[in-house]
Amino acid sequence: PVKPGVVPYGAVPWRAIDGIDVVADASGFLCQIDWGRLDDVLGDGKVPAALLVQVGDHCHPGKALLRLETAALDDARADRLRAAFTLGPRRTFDAAPRFGLTAIAEVGVRALSPGINDPGTAVDVAACLTHILGEQSRRVPEEPTRPWLHARALSLEELLQISLEPLVRDGAAMLEVQLALQEAYVALAAM
């Protein structure tokens, strides 16, 4: 899990760089990044790199995974870098925090469907998501261990869109759900 607004993976804040992309050669979800392999290939820090994907993203052949600030990249080095990105048929909750939040939110959304009509479960889901996001907001950021790597921070806005906004949409006509969501937003704003 990554704290909202904090750059993950021991990287430094995002900056766009020009250069050559290392692209996926298969389809699947990004399941993990082999940091040891990336450190071996790029750890000398001579070539700045920008991480263009996050664990949990869906990739396809030709999708850019990593951009190197360089004018040339030989095929062998590109293959070694590409091999650091493990693609698979499924995401996991441990590796992909956005996926976990989406799955929890979907429980609340399903509870609000006309066939189930269980706003109490949606209220519980809102409380659970507030707890998870609140815990993440209190994590202390790590010092960058990979100053050569630029990565995007996982923003609180993105996490709120994934987690609470579906409940806002589908629970709009239910007072108890709206009150729980207002309480959630107030609690998160205070953290």
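The dialogue below moves from the whole protein to single residues.

Modeller: Please bear in mind throughout that this is a predicted model.

Colleague: Let us begin with the whole. How many helices and strands are there in the protein?

Modeller: The protein has seven helices and eight strands. Its C-alpha trace spans about 60 × 35 × 25 Å along the principal axes.

Colleague: What share of the 191 residues counts as buried?

Modeller: A residue is called buried when its relative accessible area is under 20%. By that criterion, 42% of the 191 residues are buried. The protein exposes about 10,100 Å², and 54% of this area comes from carbon and sulfur atoms.

Colleague: In which order do the strands of the open sheet lie?

Modeller: The order of its five strands is E1-E8-E4-E6-E2, and their pairing is mixed. At the edges are E1 (12-13) and E2 (20-23), each of which pairs on one side only. E2 pairs with E6 (residues 64-68) through four bridges in the antiparallel sense. Within E6, Ala64 is the residue opposite Val23.

Colleague: Which helices pack on the sheet?

Modeller: One of them is H1 (residues 35-42), which touches E4 (49-51), E6 and E8 (149-151). The direction of H1 makes about 25 degrees with that of E6. Another is H2 (residues 75-82), in contact with E2 and E6. The direction of H2 makes about 55 degrees with that of E2.

Colleague: What share of the contacts joins residues 24 or more positions apart?

Modeller: Among contacts with a separation of 6 or more, such pairs account for 80%.

Colleague: Where is Asn117 placed, and why does it count as partly exposed?

Modeller: Asn117 lies in the loop between H3 (97-111) and H4 (119-137). It counts as partly exposed because its relative accessibility is 47%, and that class runs between the limits of 20% and 50%.

Technical notes. Residues numbered from 1 in each chain as written. Predicted model: local features only at pLDDT ≥ 70, side-chain atom pairs only at ≥ 80, totals over all residues. Heavy atoms only, no water. Pairing = 2+ DSSP bridges. Helix = DSSP H or I, 4+ residues; strand = E, 2+ residues; numbered from the N terminus. Contact = heavy atoms within 4.5 Å. Axes fitted to C-alpha atoms, helices over the stretch in contact; angles between N-to-C directions. Buried < 20%, exposed > 50% of the residue type's maximum accessible area, 1.4 Å probe, protein only. Areas by Shrake-Rupley, 256 points an atom, 1.4 Å probe, with all protein chains shown as cover.
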